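Open the model in your viewer and keep the sequence panel beside it. The tour goes from one selection to the next and says what is there at each stop.

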Amino acid sequence: MKIAVYSGSFDPITKGHEDIIRRAAKMTDKLVVAVLNNINKNYLFSLEERTAMVINSLRDLENIEVKNFQGLLTDFMKENKIEFIIRGLRAVSDYEYELTIAFANGDISKGKAETIFIPASKQYMYLSSSVVREIANYEGKLSDYINEDVEMKIRDKIKTQGSR
Ligand code: ADP
């Protein structure tokens with residue numbers, strides 16, 4: 001059984017993330033989407049909110065499991081018997097960072113964790129959660145970047161909490 005993990009903050013999940021997940025799900029028997037909880041990071045959405053949006057966005061996919069994690073990805077992989085890491089590659093700027101992480105994960109897992117890069121689709125090449133948060137702060141158009149459920153949640157969040 002080929003089990004892979006796709007991890008991220010998903011603050012919030014974008015159509016770029018969704019695109020990678022849907023393409024990766026076709027290549028794996030099971031894809032674990034791991035929502036990262038980094039205690040040093042200041043998120044717009046709580047871990048519970050981020051996880052709920054991920055679950056909601058992927059409801060129609062059968063071979064997906066959504067989990068939370070903190071700490072080392074390779075430890076999480078060992079606990080969950082996962083061999084493959086899926087990463088999305090956007091513009092050239094992602095490349096160096098992603099390659100460093102891929103080498104590090106390979107080294108600390110003694111070669112067990114294999115990273116698979118999937119190129120971002122053209123329309124999502126420059127899309128990130130931070131761009132979405134920025135556009136939302138200024139009440140700009142978001143429908144190309146996030147699904148309706150996520151758009152409702154981010155508009156509500158900014159209304160109740162003010163811009164960040
Ligand atoms: P973000 O910065 O959007 O919160 P993360 O840093 O949590 O995303 O990254 C999670 C994974 O998703 C990484 O592999 C990243 O390259 C990938 N990713 C993020 N946005 C996109 C996108 N628009 N297209 C393809 N992959 C993406």
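This is a predicted model: local features need pLDDT of at least 70, side-chain atom pairs count only at pLDDT 80 or more; totals for chains, interfaces and linings use all residues.

For a distance across the model, draw a line from the C-alpha of Met125 to the C-alpha of Ile64. The two are 61 residues apart in sequence and 24 Å apart in space.

**The whole chain**

Zoom out and switch to a cartoon view. The protein has six helices and five strands. Followed along the sequence, they come in the order β-α-β-α-β-α-β-α-β-α-α. The radius of gyration is 16 Å, close to the 15 Å that the globule rule gives for 164 residues, so the protein is as compact as a globular protein of that length. A box of roughly 45 × 30 × 30 Å, taken along the principal axes, holds the C-alpha atoms.

Next, colour by burial. Of the 164 residues, 48% are buried. The protein exposes about 9,700 Å², and 52% of this area is supplied by carbon and sulfur atoms. Among contacts with a separation of 6 or more, 73% are between residues 24 or more positions apart. If you colour by charge, there are 24 positive and 24 negative charges, and their mean positions are 1 Å apart.

**Strand 1**

Select Ser7, which is in strand 1. Ser7 has 12% relative accessibility and therefore counts as buried. Not counting residues up to four places away in sequence, Ser7 touches Ala34, Phe69, Leu73 and Arg87.

Most residues other than glycine have a negative phi, and most peptide bonds are trans. Phe10 is not a glycine, yet has a positive phi of about 50°. Is Phe10 buried or exposed? With a relative accessible area of 1%, Phe10 is buried.

Keep the view there and select Asp11 and Pro12. The peptide bond that joins them is cis, with omega about 5°. Pro12 belongs to the loop between strand 1 (3–8) and helix 1 (15–25).

**Helix 1**

Select Thr14 together with Gly16. At the start of helix 1, a side-chain oxygen of Thr14 comes to within 3.1 Å of the backbone nitrogen of Gly16. Now select the helix itself. How many of the 11 residues of helix 1 are buried? Eight of them are, and helix 1 is mostly covered. The buried residues are Gly16, His17, Glu18, Asp19, Ile20, Ile21, Ala24 and Ala25.

Pick out Glu18, within helix 1. Its relative accessibility is 13%, so Glu18 counts as buried. Which side chain makes a polar contact with the side chain of Glu18? The partner is Asn147, at 3.1 Å. Apart from neighbours within four places in sequence, Glu18 is in contact with Ile13, Ser57, Leu58 and Asn147.

**Strand 5**

Go on to Ile118, in strand 5 (residues 114–119). Ile118 is at 4% relative accessibility, so it counts as buried. Show its surroundings, leaving out residues up to four places away in sequence. Ile118 touches Ile20, Arg23, Ala24 and Met27, along with Ile86, Arg87, Gly88 and Leu89. Of these, Ile20 and Ala24 were on the list of buried residues in helix 1. Then draw a line between the C-alpha atoms of Ile118 and Met77: they are 41 residues apart along the chain and separated by 19 Å.

**Last stop: the loop between helices 5 and 6**

Select Glu139, in the loop between helix 5 (129–137) and helix 6 (148–161). Glu139 is a residue other than glycine with a positive phi, near 55°. Is Glu139 buried or exposed? At 68% relative accessibility, Glu139 counts as exposed, whereas Phe10, with its own positive phi, is buried.

Key. Residues are numbered from 1 along each chain as its sequence is written. Side-chain values use heavy atoms; hydrogens and water are left out. Helices (H or I, at least four residues) and strands (E, at least two) are DSSP runs, numbered from the N terminus. The radius of gyration is taken over C-alpha atoms; the globule rule is 2.2 Å times the number of residues to the power 0.38. Buried means under 20% relative accessible area, exposed over 50%, partly exposed in between (1.4 Å probe, protein chains only). Contact means heavy atoms within 4.5 Å. Accessible areas come from the Shrake-Rupley method with a 1.4 Å probe; for residues, only the protein chains shown count as cover. Lys and Arg count as positive and Asp and Glu as negative; His and the chain ends are not counted. The place of a charge is taken as NZ of Lys, CZ of Arg, CG of Asp or CD of Glu. A polar contact is a pair of N or O atoms within 3.5 Å; within protein, one must be able to donate a hydrogen and the other to accept it, and residues adjacent in sequence count only if both atoms are side-chain atoms.
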